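The sequence and the structure are shown first.

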Amino acid sequence: MARDERTFFTYPTAFGPVTIGADGQAVTAVVLGEAALPGTGRATAITTEAANQVMEYLAGKRTAFTVAYAPAGTDFQHEVWKALTNIPYGQTRTTREIAATIGAAEAYRAVGAAVRKSPLAILIPAHRVVSVTGKPTGPVESALLNLEQQNSR
């Protein structure tokens, strides 16, 4: 399949529907819920592989992802997202900690914006970024962190 052939498909999971978009060679979006993404609405080998890995993660059988992904974003966003993938399963970091990790200690607000813009829910573990008080930033993030922390014991 050509790289420019965009597709998306919504898969049922234990946490509700997950919509996965791809460009023919890599996953470009993972959205919690049903979503209309660019391209044709049909399952492909790459969207199905990503869905299988997400379902394994949600079942506590996977802690990392091997499916190819290529999110669209700025160089700064890519740097932040790479840092997020280095947060160990079941652990958390604040935006200040991520900013320090990437050598931009004063850019914690920009880091927070990049975290919120991640187009790959779960694959890029933005849910592992918590508030300065150590609390998850929302109910979905809380549920995913609880899942990870229960499975890391």
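Thr-28 has a relative accessibility of 16%, and because the limit for a buried residue lies at under 20%, Thr-28 counts as buried. The model in which this value was computed is a predicted one. Thr-28 belongs to strand 3, which runs over residues 27–32.

When residues up to four places away in sequence are left out, Thr-28 touches Arg-6, Gly-21, Ala-22 and Asp-23, and also Ala-70, Pro-71, Pro-119 and Leu-120.

## Overall fold and dimensions

The secondary structure of the protein consists of five helices and six strands, and their order along the sequence follows the pattern β-β-β-β-α-α-β-α-α-β-α. Among contacts between residues at least 6 apart in sequence, 56% join residues that are at least 24 apart.

For 153 residues, a compact globule would have a radius of gyration near 15 Å, and the protein, with 15 Å, agrees with that expectation. The C-alpha trace spans about 40 × 35 × 25 Å along its principal axes. Of the 153 residues, 43% are buried, while the accessible surface of the protein comes to about 8,000 Å², with 52% of this area belonging to carbon and sulfur atoms.

## The largest pocket

The largest pocket has a volume of about 390 Å³. Of the 21 residues that line this pocket, Val-115, Arg-116, Ala-126, Thr-137 and Glu-141 are the closest to its centre. The elements that give two or more residues to the lining are helix 4 (108–116), strand 6 (129–130) and helix 5 (139–151).

Helix 4 gives the most to the lining of the largest pocket, with six residues. Sorted by class, the lining of the largest pocket comprises 12 nonpolar, six polar and three charged residues.

## The loops on either side of strand 6

Ile-122 lies in the loop between helix 4 and strand 6, and at 4% relative accessibility Ile-122 counts as buried. The backbone of Ile-122 deserves attention: its phi is near 75 degrees, a positive value in a residue other than glycine.

Pro-136 is found in the loop between strand 6 and helix 5, and with a relative accessible area of 31% Pro-136 is partly exposed. Leaving aside neighbours within four places in sequence, Pro-136 is in contact with Val-130, Glu-141, Ser-142 and Leu-145; one of these, Glu-141, is also listed among the residues closest to the centre of the largest pocket. Between Pro-136 and Thr-7 there are 129 residues of sequence separation, and their C-alpha atoms are 32 Å apart in space.

## Glu-97 in helix 3

Glu-97 has its place in helix 3, residues 95–101. Glu-97 and Val-132 are 35 residues apart in sequence, and the distance between them in space, taken from C-alpha to C-alpha, is 9.6 Å.

Conventions. Residues are numbered from 1 along each chain as its sequence is written. This is a predicted model: local features need pLDDT of at least 70, side-chain atom pairs count only at pLDDT 80 or more; totals for chains, interfaces and linings use all residues. Side-chain values use heavy atoms; hydrogens and water are left out. On a 1 Å grid over the protein atoms alone, a cavity is a set of points where a 1.4 Å probe fits but cannot get out, and a pocket is an open set with protein on both sides within 12 Å along at least five of seven lines; lining residues have an atom within 4 Å of a point. Grid points are joined across faces, edges and corners, and a volume is the space filled by probe spheres set on the points. Helices (H or I, at least four residues) and strands (E, at least two) are DSSP runs, numbered from the N terminus. Ala, Val, Leu, Ile, Met, Phe, Trp, Tyr, Cys and Pro count as nonpolar, Asp, Glu, Lys and Arg as charged, and the others, Gly among them, as polar. The radius of gyration is taken over C-alpha atoms; the globule rule is 2.2 Å times the number of residues to the power 0.38. Buried means under 20% relative accessible area, exposed over 50%, partly exposed in between (1.4 Å probe, protein chains only). Contact means heavy atoms within 4.5 Å. Accessible areas come from the Shrake-Rupley method with a 1.4 Å probe; for residues, only the protein chains shown count as cover.
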